[in-house]
Amino acid sequence: MRKLKCTFPLFLLVVLLVEVAFTQDDEGPYKGKYIGKFNTYDHQVSGDVYAVDEYTLLLTKFTYSGDGTDTFFWAGAVNRPGPQGFIVPDERGVTNVLERYINKEFTLKLPDNKKITDIKWFAVYDIWSQNTFGDIYILDEFEPPKVQTVPKLEGKTNNVNSEAIEIIDAKTLRIPKFEYDGLGKRVHFWVGVGPQPGSKGHVVPDEYGYVDPLRPYRGQTIILELPGDLTIFNVGWFSIYDLETNTNFGSIFIPEGLNVPPSLVKVIPHSNDLPNCFQLHKNFQVSWEIFGAQITIQLAGQVKEDEYMSFGISGSEEKSQMLGSDVAVAYMNGYSGYALDYNITALTPCVKVLGQNKGVCKDEIVGGQDNNQFHTGIRKDGINIITYRRSLKSSDDGDKEFLTDREIYIVWAMGRLDSQNEPSFHDTYSKADIKLNLSSKEPIDTCFSFTTSNAVSVDAWEKGQIYDRTIRVFNAYVGPSGGKKGYQATTGQASTTLAWYINGYLSPELWLRRGLTYQFKVRGGNKPHSAEFYHPLIITDEPHGGFDKLTHAAQSNIRVLAGVEYSRRGTPSPTAIGPLCLAKHPDTQDRRLDDDFDTFKKFNRSLIYTCEEGEPGILEVTPNTTWPDTVYYNSFTQANMGYKIHVVDSFNRGSFFGNILR
């Protein structure tokens with residue numbers, strides 16, 4: 001056999017291999033494109049330098065003694081470091097003289113939109129002595145990481161399509177104008193390795209973190225994050241894949257060695273103590289183990305300190321259904337953990353209905369007992385980890401059985417706790433039917449690591465304010481509370497399913513003048529047997545409402561200004577009761593996506609209004625000098641549905657701005 005002669009220059013091969021090797025740091029997470037090590041001349045300067053993107057440098061293991069006179073990070077476009085250069089702000093974005101660094105890692109952004117390709121060197125430089133303490137040179141042909149574009153999705157079926165996909169960084173994909181008809185059976189965003197998409201792979205949570213089968217998309221631009229510690233460097237393809245039929249609806253291949261920025265997402269290590277683990281959401285997973293007649297359950301969720309996790313058995317044996325379900329509500333309160341037993345008999349927080357408690361109520365309140373045996377609870381790195389035990393089959397009639405001879409449907413949710421540490425309406429929950437085989441012969445493990453990034457603040461909808469000296473009549477009806485941009489953002493309180501709408505605004509602030517008479521026309525429901533739709537209007541000096549739910553002792557501490565009368569025995573009953581006028585989502589609209597609306601006006605236009613026949617309840621008030629400057633309108637039966645009333649002596653700019661700034 002004739003040997004082939006290699007004519008490729010050996011030195012060029014070495015250079016290429018070195019550059020490829022330094023593009024990805026095999027000793028840890030991908031940090032960007034490697035530039036090199038500092039050349040050390042003085043003051044113990046050392047460390048490695050990476051290009052994060054076109055404008056940003058990453059310094060790792062950086063050391064500098066800190067005893068230079070007038071020393072800065074310094075860069076320039078001339079051949080070597082010297083007076084002709086410019087200061088690069090430090091990691092805090094300031095241009096102070098450098099202090100001491102010992103083995104630090106941080107990023108530096110070049111000033112004035114300068115790019116890494118605009119400079120020839122980067123140095124630690126002392127302006128007073130004109131000495132270079134350490135430097136690194138950047139080759140003319142160096143290409144810093146940047147967003148890369150790959151082909152668009154061209155669907156094979158189910159109308160899958162998109163424009164060209166952008167790889168934003170090592171963990172993030174942007175899919176412009178994505179389309180999918182939503183008619184597949186168990187379709188997910190799916191990644192893996194191999195010559196073509198197949199059933200062996202990893203689910204990619206959707207743009208909201210859900211791992212449920214995909215809903216329809218009609219030209220939305222979405223941003224997806226690869227789960228756990230996955231990056232584009234260890235996947236070969238991205239697919240819209242139906243796991244039920246093993247069908248690839250459309251896919252792209254991810255080129256190897258893409259020169260993209262590193263991800264700002266941090267992976268949070270988390271190990272499961274129990275043999276089975278099921279990922280419910282990007283930020284929520286459940287683990288379990290059955291031993292004898294008991295099941296041990298561990299809930300782990302990336303939640304805020306005032307938020308809860310809930311998990312339990314569906315109220316239906318044929319689908320996942322909140323109504324009728326038996327759930328544990330788990331949360332941390334300081335160093336104490338809780339996993340409390342709840343029944344859901346109505347889709348509303350627990351309320352009194354004709355003397356009985358209905359809604360999301362603790363078992364102990366509805367005649368049962370708490371059969372959850374709390375084991376451990378801890379909050380670490382923003383993750384609540386709570387473990388509890390209970391019997392597979394309880395003697396409590398309100399508890400459902402954890403079946404081991406077949407799959408069972410489960411439900412889960414995450415949301416905010418109210419001022420009494422009771423679960424308010426859940427912000428995050430599944431609309432899919434989820435089945436678990438709790439006694440599977442092979443351990444179940446679909447879980448991946450939690451991740452975190454810099455939180456993006458939610459821009460609240462504009463706060464409703466009615467400051468008009470000519471208005472004497474307020475029309476009050478109920479509607480959806482509007483996600484994280486709605487009631488809870490504008491009022492700062494946990495939200496329930498519904499909120500008061502006043503003259504078309506979502507729970508606005510009102511201004512009333514002392515001595516004038518005002519009329520509230522109330523349409524909050526007049527059927528006292530309804531746990532969800534019975535909301536007489538009241539005005540008190542307490543911000544939350546739900547007067548009927550409170551103990552006699554708590555009621556005695558509240559001043560009721562309107563909407564309640566008392567019997568001879570001191571029993572309170574509401575007076576402002578009217579037929580139900582309800583704003584609600586269309587059947588085709590997913591309320592989990594309420595925050596997609598930029599403004600309340602757009603959200604309000606998407607709702608459907610239905611009103612029962614009958615005259616509204618009338619609440620007539622004339623504020624006087626005994627009224628506090630701030631009072632509150634709310635529901636008699638339910639907490640956190642209303643907001644503030646400012647009581648003023650006159651309408652002027654001072655009374656308006658003085659109150660809104662408080």
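Cys-350 is buried, and so is Cys-361. In this predicted model, the two residues form a disulfide with their sulfur atoms 2.0 Å apart. The link is right-handed, with 100° about the S-S bond. Cys-350 sits in the loop between β24 (336-344) and β25 (351-353), and Cys-361 in strand β27 (residues 360-362), so the bond ties together parts eleven residues apart in sequence.

The count of disulfides comes to three. Another of them joins Cys-277 and Cys-447, with 1.9 Å between the sulfur atoms. Cys-277 belongs to strand β19 (residues 276-281), whereas Cys-447 lies in the loop between β32 (434-436) and β33 (450-452), so this pair ties together parts that are 170 residues apart in sequence. The torsion about the S-S bond is about -90°, so the disulfide of Cys-277 and Cys-447 is left-handed. Cys-277 is buried, at a relative accessible area of 2%. Cys-447 has 19% relative accessibility and also counts as buried, because the cut-off is under 20%.

Cys-581 and Cys-611 form a disulfide as well, their sulfur atoms 1.9 Å apart. This pair links distant parts of the chain: Cys-581 is in strand β44 (residues 581-584) and Cys-611 in strand β45 (residues 608-611), 30 residues apart. Cys-581 counts as buried, at 8% relative accessibility. With bonded cysteines counted along the chain, the disulfides follow the pattern 1-4, 2-3, 5-6.

Salt bridges were searched for over the whole structure, and 22 were found. Arg-215 takes part in one with Glu-207, at 2.7 Å from N to O. Arg-215 also meets the side chain of Asp-206 in a salt bridge, at 3.9 Å from N to O. Glu-207 is partly exposed, at 23%.

A further salt bridge pairs Asp-112 with Lys-114, at 3.7 Å from N to O. Asp-112 is exposed, with a relative accessible area of 67%. Lys-114 is partly exposed, at 26% relative accessibility.

In one, four strands follow the order β10-β11-β12-β15 with antiparallel pairing. Its edge strands are β10 (148-154) and β15 (217-225), each of which pairs on one side only. From one strand to the next, the twist averages 20°. Strand β10 is joined to β11 (residues 161-169) by five bridges, and the two run antiparallel. Opposite Gln-148 stands Ile-167 in β11.

The other sheet has five strands in the order β2-β9-β8-β5-β6, again with antiparallel pairing. Here β2 (39-40) and β6 (86-88) are the edge strands, each pairing on one side only. Three bridges connect β6 to β5 (residues 71-76) in the antiparallel sense. Phe-86 in β6 is the bridge partner of Ala-75.

Asn-640 lies in the loop between β47 (630-635) and β48 (644-648). At 4% relative accessibility, Asn-640 counts as buried. A polar atom of the Asn-640 side chain lies 3.0 Å from the backbone oxygen of Ala-494. Leaving aside residues up to four places away in sequence, Asn-640 touches Asp-418, Tyr-487, Gln-493, Ala-494, Thr-496, Leu-498, His-544 and Asn-634.

Methods:
Residues numbered from 1 in each chain as written. Predicted model: local features only at pLDDT ≥ 70, side-chain atom pairs only at ≥ 80, totals over all residues. Heavy atoms only, no water. Pairing = 2+ DSSP bridges. Axes fitted to C-alpha atoms, helices over the stretch in contact; angles between N-to-C directions. Salt bridge = Lys/Arg side-chain N within 4 Å of Asp/Glu carboxyl O. Buried < 20%, exposed > 50% of the residue type's maximum accessible area, 1.4 Å probe, protein only. Polar contact = N/O pair within 3.5 Å; in protein donor to acceptor, adjacent residues only side chain to side chain. Contact = heavy atoms within 4.5 Å. Disulfide = S-S within 2.5 Å.
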